[in-house]
Each structure stands twice: as C-alpha cells, then as structure tokens.
Amino acid sequence: ELHKLYTLVYVLNKDKTKILLGLKKRGFGKGRWNGFGGKVEKGETIEQGALRELKEESNLDAKNLEKKGVIYFKFEGDPVIMDVHLYTTTDVSGDLIETDEMLPKWYNVSDLPYSSMWPDDPIWHPWFFEGKIFTVKFFFKADLETITGYKHKFASSV
Ligand SMILES: CN1CCN(c2cc(NC3CC3)nc(N)n2)CC1
C-alpha cells in the first residue's frame, strides 16, 4: 500500500518523570502538543530524519535515539497510510529554543495535556511509558478526531 514516512521523537529527563513537548504553531497538528518530528526526506534514513527534525524544531542534538515503535494511521477516504516512527532519548545537548514550528515546554509525564494532544495519544502512551516496543494501526475518520478502531502488537524490536 501507499505509505508516507514520518518521525516522532520524545525527549525525557534522566529519571523519566518529565517529557519535552512542543506546541505546533503551524501546519499539520497546529495547536496540539506533541513530540518533535516531521517527514522523512529522500536520501536520509528514518533515524537521520528524526534527528534532523528534533534539531530543526527544538535546537536539540540527540546523542542517540531509542526506537520504541511504529504507529500507522489510515484515514477514511485517503489511500496513503502515515507511518510514524517513534523514538525516545534522554541524552540531548544544545540550548532548547522556541522555533517558528514549535513552542517547547517540559511536562510531568503524570500530567499531560491530553485535551490538546492527538486523540490516539492516550491509547498508546501507556505502552510507551511502560517501556514496551509496539506497533499499532489506527483507523480515523476524515475529521482527524474520531478513531473508529485500532489494532496493536507488542514486539521485541521494530
Ligand atoms: C510529523 N508528525 C509527527 C506526529 N504525528 C502524529 C499524529 C498523530 N495522530 C494522527 C491522527 C493524526 N498522533 C501523534 N501523536 N503524532 C503526525 C506527523
């Protein structure tokens, strides 16, 4: 099928009590808090794309990224599936800045602003915070709000 590759990077503090989110200021997902990421471009690996987007959107350099999963999104009436490759890191350098794309803010992982996040987040976040490696496929209505179903698998690697 038709798949378009995207990345999503969550930066956590060393004791994993806090997570860095960004408020998307324009484009797809404008007005929602999310991790950092974007499209994977020709000529780069998915991981290189994740590092590039983190740097572009937050000015942070991740020393290494841990692959945590792949989230597939199918939207009613759209044949193209979004493959969102999920990474995490606790090892970043550089000065966090607000960019044209993102307003950054550290959140307690116990108190995330789910009403201003994508509706799928509360479904897969528990698996992510439990350190599981997973794939999940969401079926959305065209309104980008209504989830008509999802199917997930736990994996040893993705
Ligand atoms: C480059 N970005 C990364 C993040 N991403 C999404 C999407 C998403 N839900 C889909 C219904 C839209 N949920 C989260 N948490 N992130 C879209 C592409």
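I looked up Lys25 to begin with and found it partly exposed, at a relative accessible area of 31%. Partly exposed means between the limits for buried (under 20% relative accessible area) and exposed (over 50%), using a 1.4 Å probe and protein chains only. The model is predicted, so I note its limits: local features need pLDDT of at least 70, side-chain atom pairs count only at pLDDT 80 or more, and totals for chains, interfaces and linings use all residues. Residues are numbered from 1 along each chain as its sequence is written, and side-chain values use heavy atoms, with hydrogens and water left out.

**Entry on Lys25**

I placed Lys25 in the loop between strand 2 (18-24) and strand 3 (33-34). Strands here are DSSP runs of E with at least two residues, helices are runs of H or I with at least four, and both are numbered from the N terminus. I then checked Lys25 against Thr99, 74 residues apart along the chain, and their C-alpha atoms are separated by 8.9 Å.

Is Gly69 buried or exposed? I found that Gly69 counts as buried, at 0% relative accessibility. Gly69 has its place in strand 5. From its C-alpha atom to that of Asn108, 39 residues apart along the chain, I read 22 Å.

Thr88 belongs to strand 6 (residues 81-89) and also counts as buried, with 7% relative accessibility. I saw that the Thr88 side chain reaches the backbone oxygen of Tyr10 at 3.2 Å. This is a polar contact, a pair of N or O atoms within 3.5 Å; within protein, one must be able to donate a hydrogen and the other to accept it, and residues adjacent in sequence count only if both atoms are side-chain atoms.

**Entry on the ligand**

Which residues come nearest to the ligand? Of the 15 residues around the ligand (a heavy atom within 4 Å), I list Asn34, Phe73, Trp118, Asp120 and Asp121 as the nearest. I then looked up polar side-chain atoms facing nitrogen atoms of the ligand: Asn34 has one at 3.0 Å, Asp120 has an N or O atom at 2.8 Å, and Asp121 has one at 2.7 Å.

Strand 1 (3-12), strand 5 (66-75) and helix 2 (121-129) each supply at least two residues of the shell. Strand 1 gives the largest share, three residues.
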